[in-house]
Amino acid sequence: MITSIRNPLIKQIRKLHRTKGRREEGLLLLEGTHLVETAYEANCSLMTLCYTEQWRTRYPQLWENVSKKVQRLELVSLEVLTAMTTTINPDGVVATALFEPFTEGEITDFRLGLVIERLQDPGNLGTIIRTAAATGIDGIWLSDDSVDVDHPKVLRASAGAWFQVPIFISSDLKRIVEKYKNNGFNVVATLPNTTQTYWHLQLTKPTLILLGNEGSGLSDSLVSLANEIVSIPLSEGIESLNVAIATALILYEAKRQQIFN
């Protein structure tokens, strides 16, 4: 059992709390049972599994399954496990997996996608990814000046959906939007104080939904590409909604239209 937080492995895993460390090591930090299980089911290249005795007793089948795929297994004390995580009350397991940063890409045949510009909050991004998976989104394009897609909080907030939705990182979202628009996609921008609400959208045809920064919204260059600009109606005195909640409303409207239209 590893009982010292000065152990070289523990130091390596703690480096993954930071962007620089994750880039240098080329690893994801997976905290908690659900993320470890989802990564295993997604056939991720698991490198290290650190766990407490209590966790192994509670999840014997998962431990056995993962132990057959992971390169290194380490029993650790609760104190050591806590030192490795970014959470306050870890549930007894931490893993690492190989990660190659997502690059620009495209999907040739899809129905509904999200284009997200300059998003900064990892909890928001993780929640959006989770909602995207729940509603069957075909892909997400994220600007490269957004929060790190491999941020531990993004993975946790996605509740495992991170492994289920195609995500692309782009340095030029405008080019991507223009390409799909020229191929017949409807491009929808979300802005406050517009007369048309998202209820008026026809979301059963191929569509890209543009979402912006939590504080400043979408850039003018992306808004200018939109075929339609919509808002979410709010009660008097309320200026805006959290971007993850706004995304969920629109995506579930798309889901409703798919089912009933």
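The legends below describe views of a predicted model of a single chain.

**View 1. Overall fold of the chain.** The secondary structure of the predicted chain comes to eleven helices and ten strands. Its radius of gyration is 20 Å, close to the 18 Å that the globule rule gives for 261 residues, so the chain is as compact as a globular protein of that length. Taken along the principal axes, the box filled by the C-alpha atoms is roughly 60 × 35 × 35 Å.

**View 2**

**View 3. Surface and charged side chains.** The chain exposes about 12600 Å², of which carbon and sulfur atoms supply 48%. There are 25 positive and 29 negative side chains, and the centres of these two sets lie 5 Å apart.

**View 4. The buried face of helix H9.** Helix H9 spans residues 173–182, and its buried residues are Leu173, Ile176, Val177 and Tyr180. Seen down the axis of H9, these buried residues fall within an arc of 95°, so they line one face of the helix. An α-helix has 3.6 residues a turn, so residues three or four places apart point the same way.

**View 5. Surroundings of helix H9.** The cover over the buried residues of H9 includes strands S5 (112–116), S6 (139–143), S7 (167–170), S8 (186–190) and S9 (207–211), together with helix H10 (220–223). H9 is followed by glycine 184, whose phi is positive, near 100°.

Methods: Residues numbered from 1 in each chain as written. Predicted model: local features only at pLDDT ≥ 70, side-chain atom pairs only at ≥ 80, totals over all residues. Heavy atoms only, no water. Buried < 20%, exposed > 50% of the residue type's maximum accessible area, 1.4 Å probe, protein only. Helix = DSSP H or I, 4+ residues; strand = E, 2+ residues; numbered from the N terminus. Arc of directions from axis to C-beta. Contact = heavy atoms within 4.5 Å. Rg over C-alpha atoms; globule rule 2.2 N^0.38 Å. Areas by Shrake-Rupley, 256 points an atom, 1.4 Å probe, with all protein chains shown as cover. Lys, Arg positive; Asp, Glu negative; His and termini not counted. Charge placed at Lys NZ, Arg CZ, Asp CG, Glu CD.
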